[in-house]
Amino acid sequence: MTALTGGCACGEVRYRLTAPPMFVHCCHCTSCQTETGSAFVINALIEGDRVETLAGAPDPVMTPSESGRGQQVWRCPKCRVALWSNYGGADDRLRFVRVGALDTPAECPPDIHIYTRSKLPWVTLPEGVAAVEGYYDSKTLWPEASLARRRALFG
């Protein structure tokens with residue numbers, strides 16, 4: 001994989017993924033819809049230490065989430081574009097990188113569509129991609145290499 005790079009709209013914050021994502025979610029929950037002002041958000045899950053900041057320093061902003069545990073959204077301090085999140089008390093060990101903020105978002109298609117119970121009715125899911133009404137058990141869908149990385153991260 002070529003290193004994926006990304007950043008905010010104004011260019012203040014730039015970063016690089018030093019490894020491929022472990023898994024990519026397309027989340028259709030109402031919190032993601034509200035937070036992004038869109039129909040869904042696409043997040044690439046990756047270890048925090050595998051996201052190298054090249055320029056700037058994003059600010060964490062605590063926001064609610066459908067799980068009730070909240071999420072910390074890291075945003076550019078100037079343009080306020082969301083770059084990544086930390087969900088449910090995972091601190092910064094695991095980042096949910098916003099695929100739309102990557103320079104080449106087409107390189108990170110979703111592995112799964114989650115929270116489809118609140119998917120907008122005019123959004124059509126692609127055939128052959130996993131989709132669940134809520135969340136899911138990663139042990140049943142993640143590749144073994146990604147599960148090993150997750151075990152190394154959380155023990």
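**A walk through the chain**

The protein chain has a secondary structure of three helices and eleven strands. The model is a predicted one. Read from the N terminus, the order of elements in the protein chain is β-β-β-α-β-β-β-β-β-β-β-β-α-α.

The overall dimensions come next. The C-alpha trace of the protein chain spans about 35 × 35 × 30 Å along its principal axes. For 155 residues, a compact globule would have a radius of gyration near 15 Å, and the protein chain agrees with this at 15 Å. Of these 155 residues, 45% count as buried. The accessible surface of the protein chain is about 7,800 Å², and carbon and sulfur atoms account for 54% of that surface. Among contacts between residues at least 6 apart in sequence, 55% join residues at least 24 apart.

With a relative accessible area of 3%, Met22 is buried. Ser146 is 124 residues away from Met22 along the chain, yet the C-alpha atoms of the two are separated by 4.9 Å. Beyond its neighbours within four places in sequence, Met22 is in contact with several residues, among them Leu45, Ile46, Leu94, Trp142, Pro143, Ser146 and Leu153. Its contacts also include Glu47, Arg149 and Arg150.

Two of those contacts, Trp142 and Arg150, also meet each other. The charged end of Arg150 sits over the ring of Trp142, at 5.5 Å from the ring centre. Trp142 also belongs to an aromatic cluster, which it forms with Phe23, Tyr115, Tyr135 and Tyr136.

The count of aromatic pairs comes to six. In one of them, the rings of Tyr115 and Tyr135 have centres 6.5 Å apart and planes at 40°, so this pair is tilted. Tyr115 lies in the loop between strand S10 (112–114) and strand S11 (130–131), while Tyr135 lies in the loop between S11 and helix H2 (138–141), so the pair ties together parts 20 residues apart in sequence.

Tyr115 has a positive phi of about 55° although it is not a glycine. Arg80 is another non-glycine residue with a positive phi, here of about 70°. Arg80 is found in the loop between strand S7 (71–75) and strand S8 (82–87). With a relative accessible area of 34%, Arg80 is partly exposed.

The cysteines remain. How many disulfides does the count come to? The count comes to zero. The sulfur of Cys27 has its closest cysteine sulfur in Cys29, 3.6 Å away, which is too far for a bond; a disulfide would need the two sulfur atoms within 2.5 Å. Cys29 is likewise in no disulfide, with the sulfur of Cys27 as its nearest cysteine sulfur. Cys27 is buried, with a relative accessible area of 7%, and Cys29 is buried too, with a value of 5%.

Definitions and conventions
Residues numbered from 1 in each chain as written. Predicted model: local features only at pLDDT ≥ 70, side-chain atom pairs only at ≥ 80, totals over all residues. Heavy atoms only, no water. Phe/Tyr/Trp six-rings, centres within 6.5 Å; stacked < 30°, edge-to-face > 60°. Helix = DSSP H or I, 4+ residues; strand = E, 2+ residues; numbered from the N terminus. Lys NZ or Arg CZ within 6 Å of the ring centre and 35° of its normal. Buried < 20%, exposed > 50% of the residue type's maximum accessible area, 1.4 Å probe, protein only. Rg over C-alpha atoms; globule rule 2.2 N^0.38 Å. Contact = heavy atoms within 4.5 Å. Areas by Shrake-Rupley, 256 points an atom, 1.4 Å probe, with all protein chains shown as cover.
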